[in-house]
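Please look over the sequence and the structure before reading on.

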Amino acid sequence: MDNKIALVTGGSRGLGKSTVLHLAQKGVDSILTFHSKADEAQQVVAEVGHKGRKAVALQLDTGETRNFADFAEQVKTALQDKWQRDSFDFLVNNAGIGLNSPFSEISEDQFDHLININFKGVFFLTQALLPLIADGGRIVNLSSGLARFSLPGHSAYAATKGAIDVLTRYLAKELGDRRICVNSVAPGAIETDFGGGVVRDNQEVNDFIASQTALGRVGLPEDIGAMIALLLSEGNRWINGQRIEASGGIFL
Ligand code: NDP
């Protein structure tokens, strides 16, 4: 996969960071975005450098669509300055937030915030970046196991991920004429900072998930980063328009 470039949103921590590092391992450079954690993002850039690849970190709030045109210009400039290219190859729409609250208590503001980052942002960021994605490129959208199975407290969050799965199919259909493959990856519960780090830090939650998972443990960021890097590798060019769950086999 030498000379390929990925743009990974939310690449400063968690699953996005792991994806950037696994891609670097396979010879892929990255433009990664962060929201607030500039230092973490720079550390990821340095780690990519240690693996002999190049990376650039850009600030982006995926909930603010009005900034996307400017962001696309920044990406264009970075591509020119760092790689002397005018396109990149892989878009990984990874940045996202959670909300764990009973359906009856979710406010309209909470709902809008969630939709803006997890769905509207993915929709319009992909639209804004489309001219910069190389023909024959790939898009991976992060979904969630919760879009297949239902656990109380996740109605709004899971619905945003269900929307991502539907959008994925439509993008695959409409971008096929440019040979762009689009798939969604649906992780099970993974030990990251996500949702306040509850899966990692709350032993009861961790034990429950492990007990419901065929492979008998909770997921780790590496489980997803490695899988996304595989999905983006040359051998997987015929998987398209699919929702692929990576959960160790939860609630089978
Ligand atoms: P983390 O909370 O560990 O990391 C979130 C990342 O997204 C960070 O890089 C953060 O940037 C960035 N981010 C947060 N808010 C915004 C925003 N408004 N605009 C731009 N970037 C933002 O999450 P995970 O790595 O665990 O999750 C990544 C994706 O995977 C999400 O879409 C999530 O829904 C999905 N997922 C996660 C699961 C899990 O159990 N962890 C399970 C299923 C799906 P910064 O560091 O600057 O704050």
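Which strands each supply at least two residues of the lining of the second largest pocket? They are strand 4 (88-93) and strand 5 (133-142), and they should be read with the caution that this is a predicted model. The points below take each pocket in turn.

**The second largest pocket**

- The volume of the second largest pocket is about 290 Å³, and of the 17 residues that line it, the closest to its centre are Gly136, Arg138, Arg179, Cys181 and Arg237.
- Strand 5 provides the largest share of this lining, with 4 residues.
- By residue type, the lining of the second largest pocket divides into 7 charged, 6 nonpolar and 4 polar residues.

**The largest pocket**

- The largest pocket has a volume of about 1300 Å³, and 49 residues line it, of which Gly98, Tyr157, Thr192, Phe194 and Gly195 are the closest to its centre.
- Two or more residues of this lining come from each of helix 1 (14-25), strand 2 (28-34), helix 5 (155-175), helix 6 (194-201) and helix 7 (203-211).
- Helix 6 gives the most to the lining of the largest pocket, and its contribution is 4 residues.

Technical notes: Residues are numbered from 1 along each chain as its sequence is written. This is a predicted model: local features need pLDDT of at least 70, side-chain atom pairs count only at pLDDT 80 or more; totals for chains, interfaces and linings use all residues. Side-chain values use heavy atoms; hydrogens and water are left out. On a 1 Å grid over the protein atoms alone, a cavity is a set of points where a 1.4 Å probe fits but cannot get out, and a pocket is an open set with protein on both sides within 12 Å along at least five of seven lines; lining residues have an atom within 4 Å of a point. Grid points are joined across faces, edges and corners, and a volume is the space filled by probe spheres set on the points. Ala, Val, Leu, Ile, Met, Phe, Trp, Tyr, Cys and Pro count as nonpolar, Asp, Glu, Lys and Arg as charged, and the others, Gly among them, as polar.
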